Amino acid sequence: MENLKERFIEDAFDLIAKLENDLLELDKNREEKSLIEQVFRVMHTLKGVSGMYGFDNVGELTHHLETVYDFIREGRLLITDEIINITFTSIDHIKYLLQDEKNNELSNLQKQSEILQKIVNIISEIEENIKTYKSLKQQTPSLKNTETTRTYYISFKPDSDILERGINALALFEELNILGQTVILPYSNKIPDCQNIEPEKCYLYWDVYLATKSEESLIEEVFIFVQDERQIKKISAENLFELPNFLDEIEPFTRKEENIDEAKINLFIQRISKEKNAIIEKKQTQITSENLEHKIQSIRVSSEKLDVLLNLVSEFITSQAELSLIAEQLENNRLTAVAENLEKLSRQLRENAFSICLIPISEMLVRFQRLVRDLSAELKKEINFVTEGAETELDKTMIDSLADPLMHILRNSIDHGIEFPEIREQKGKPRKGKIIFKAFYSGANVYIQVSDDGSGINLQKVRSTAIRKGFISQDAQLTDKDLITLTFTPGFSTADNISEVSGRGVGMDVVKRKIAEIRGEVTIDTIKDTGTTISIKLPLTLSIVDALWVKIDTSHFLIPLGVVDFCSEIKHNDLKLISNNRIAIEGQLFPFVYLRKEFQIKANLPETERCVIIKYEDIKVALIVDIVIGEHQAVLKPIGEIFNYQDIISGASILGDGDLALVLDTNRLIKNFKNKSAIFK
Amino acid sequence: MKNETVENKNSYLSFKLGNETFAIAVQKVLEVLEIQKITKVPKTPEHIKGVINFRGEILPVIDTRTKFNLPVIEDTTRTVIIVIDVKLNNKSMVLGAIADSVQDVIEIPESTILAVPELGNNYNHNFLIGMFKIKNKFIMILDIDKLFSGEELNLTKN
């Protein structure tokens, strides 16, 4: 039972997430019928299911909200700010309720009655209006007929002397026509040939199909004088005339001029019913399969299962590397072919498995949109929030770690960045401020940028606050870049008032730390009165990386292929002839890092060394190594917490023969090198 | 079963670094490995020898001799890596520590542990739980949690 309850809560949160999205849309398009329908349906579903699991409060709330949205979708109520706001408040409250298992948190109970009261007020207003509406409506009664239409088969075989008895068959049919829709099929096969016709006799007989709401007794009344010559049989409780091919079905009977007898009718009815059921079934399966298709598109998987899967994939790749090595050594053609194939497959398997753990950033966006909406309303600012690249995917753990920092960055933008509408107008800017949230891939990284067109960071204020708080001295010479870096200091904040929103001075340093934890970097660009852009750079590397395998003496290193541009050679003696701290490779000059020196490896210096040219920010740098062995699928393993103090080795990988290779973080490596040697510039 | 755990608490693995004998609680020892090729990690302090492949996981290896400023002698067939479980900030961390040889598992009841004199020895006595006298020799009992604790290992960036 507990599992079911957990599932329900998960599903409920999913529903609520979609609901919030829809509500945000609805806020902008208040007439959009499909959105109203969706909101109504979610309320309805939540109401129904929450009672089952003991969430009566949720049920109560959603019941009333359902009523409100029912009125809206019937067109009796227009959506107002008040309604949207109370719906959002209710959603937030429901989220709390779903987590308040025992339903006894006082604050929740209080909030519950507050919200409920507001909704009830809205409803009672509507009901007042309805009462007047209803009394108007009662003056025109509706002609709605609730009876159902049935189909009858009437076989009318009058005696030949029917005309002498004064019965006009045509008149009977006219009466039938009043009762409903008819198809009358005459049969003339009993008419004798001309010599034998007696004109006073009737040789015709008819089959009649009648769809009517009237009682069978009424039909009988029509044939009251020819009771023995007619057979009335109800063949369907529904109106068969509504079937598209009903008339086609009947046609053959008329053509054949056969008598329809009981048996044939039964067959006929059976066939028609089957077809009808088939059509209904088809429609139903269409509906369910449409729903099914929608559902089959994604399934829930527990993250533990995913972890197991990823581990297995990693182990698999390590073993495959071993196999490839053995294949190389044994030089058996068939084995080599299989090993190569296995390598290709393992690469695909790895890409596929890891992409399963990737989630599009759009999942995070709802809470940002809510934040912008609520906060800008509270602070009386007008802000347009635009997102780009919402389909960019990130590892789930990264997304979880990014949520808080991004919220903080957004808060800063809204609170400090975007100016009040009046001030913006004074500056010649549009009244509405704009915040752009952008995500995109570049090289081996994912970038997330939050840009606003606000007032920019006030660097003067930063300077004075830093002096006031003792971070720098009065006469310190600092560039703009340095001042921006200061904002990342713990305890720093230029806000005069500590608002609930920001200003507690626990901001950017925490942001920086959290992003560093997922091996990312934060940079700020700001221009006075134009705006501020905060960029977060994250590594795309998950735990398996395609890397270039290189060697220096007996040490193995791996360089992620994403940053590698090309490789070349250089004679060791030529290295001494460097000019301007650049080496010439294939006609171009590159700054370089001599890794033997960096890593203090002295033994076995080769005559000719190799350069690996890698991309660093927007330039190219050469890394000098002994030899380049080739490509390697590196299963990244963490090297241990005691190495946390350094950041140039991002992990280790187990090679085919069991030896270890260290994975280089070239960005950090070059950055550190740059900082140490001013000559690099 | 209960008796065993009580006994385990007093069991210590003794090992030699150069001429000196040390001991650590058996409960902290996960395994003893033969010395093997250690992959050096660049830009690390002297006493961190590098990393090894420990059944598919990466194990950092500390040179305890360097840590204690003892002369490092050539590896012999008796040189081992003792795999230990260190408590760091309430988390478990697995490390390897190099020893010149392992000796025995000995019983050291708590009451027989002697305090370490402040003067007259090379080793920072903060790292020692105490000393134990056996056959006219002294064994230093290591407090490896303290020995490999954060301050020592998590060197700040220069």
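Predicted model: local features only at pLDDT ≥ 70, side-chain atom pairs only at ≥ 80, totals over all residues.
Q: Is Lys40(B) buried, partly exposed or exposed?
A: Count the C-beta neighbours of Lys40(B) inside 10 Å: there are 17. Burial needs 20 or more, and exposure needs 12 or fewer. Lys40(B) therefore counts as partly exposed.

Q: Which residues does Lys40(B) contact, leaving aside neighbours within four places in sequence?
A: One partner lies on chain A and one on chain B. Val61(B) is 21 residues from Lys40(B) in sequence, and their C-alpha atoms are 9.6 Å apart. A contact needs C-beta atoms within 7 Å. The partners of Lys40(B) are Ser555(A) and Gly50(B).

Q: How many residues does the contact take from chain A and from chain B?
A: Both chains contribute to the contact. On the side of chain A, strand 20 (649-654) and strand 21 (660-664) each supply at least two residues. The count is 19 residues from chain A and 18 residues from chain B.

Q: Which element gives the largest share of the side of chain A that touches chain B?
A: By class, this side of chain A has twelve nonpolar, five polar and two charged residues. Three residues make up the largest share from one element. That element is strand 20 of chain A.

Q: What pattern does chain B follow along its sequence?
A: Chain B has four helices and ten strands. Of its 158 residues, 32% are buried. Take the contacts in chain B with a separation of 6 or more: residues 24 or more positions apart account for 51% of them. Read along the sequence, the pattern is α-β-β-β-β-β-α-β-β-β-β-β-α-α.

Q: What percentage of the residues of chain A count as buried?
A: Chain A comes to 20 helices and 21 strands. Among its contacts with a separation of 6 or more, 68% join residues 24 or more positions apart. Chain A has 681 residues, and the buried part is 27%.

Q: How are helix 13 and helix 17 of chain A oriented to each other?
A: Helix 13 (residues 396-417) and helix 17 (residues 508-517) of chain A pack with their axes 9 Å apart. The angle between them is about 155°. Angles over 145 degrees count as roughly antiparallel. Helix 13 and helix 17 of chain A are therefore roughly antiparallel.

Q: What is the handedness of the crossing of helix 13 and helix 17 of chain A?
A: Helix 13 of chain A brings Ser401(A), Asp404(A), Pro405(A), His408(A) and Ile409(A) to the contact, and helix 17 of chain A brings Val511(A), Lys514(A), Ile515(A) and Glu517(A). By class, these are four nonpolar, two polar and three charged residues. The crossing of helix 13 and helix 17 of chain A is left-handed.

Q: Is Ile414(A) buried or exposed?
A: Ile414(A) is found in helix 13 of chain A. Not counting residues up to four places away in sequence, Ile414(A) touches Val372(A), Leu375(A), Ser376(A), Leu379(A), Lys381(A) and Ile383(A). Ser376(A) is 38 residues away along the chain, with 6.8 Å between the C-alpha atoms. Ile414(A) has 25 C-beta neighbours inside 10 Å and so counts as buried.

Q: How far does helix 3 of chain A reach from its first C-alpha to its last?
A: Helix 3 (residues 56-73) of chain A has 18 residues. Its buried residues include Leu61(A), Leu65(A), Val68(A) and Ile72(A). At 1.5 Å a residue, 26 Å is expected.

Q: Which residue just after helix 3 of chain A takes a positive phi?
A: The phi value here is about 85°. The residue is Gly75(A).

Q: Is Gln600(A) buried or exposed?
A: Gln600(A) is in the loop between helix 19 (595-598) and strand 17 (608-616) of chain A. Its phi is positive, about 55°, although Gln600(A) is not a glycine. With 10 C-beta neighbours inside 10 Å, Gln600(A) counts as exposed.

Q: What is the phi of Lys135(B) near?
A: Lys135(B) is in the loop between strand 9 (128-134) and strand 10 (137-142) of chain B. Lys135(B) is exposed, with 4 other C-beta atoms within 10 Å. Its phi is positive in a residue other than glycine, near 50°.

Notes: Residues numbered from 1 in each chain as written. Chains lettered and ligands numbered in written order. Axes fitted to C-alpha atoms, helices over the stretch in contact; angles between N-to-C directions. Parallel < 35°, antiparallel > 145°, perpendicular 65-115°, else oblique. Left-handed = near helix turned anticlockwise from the far one by under 90°. Contact = placed C-beta atoms within 7 Å. Nonpolar A, V, L, I, M, F, W, Y, C, P; charged D, E, K, R; others polar. Expected span 1.5 Å × (residues − 1).
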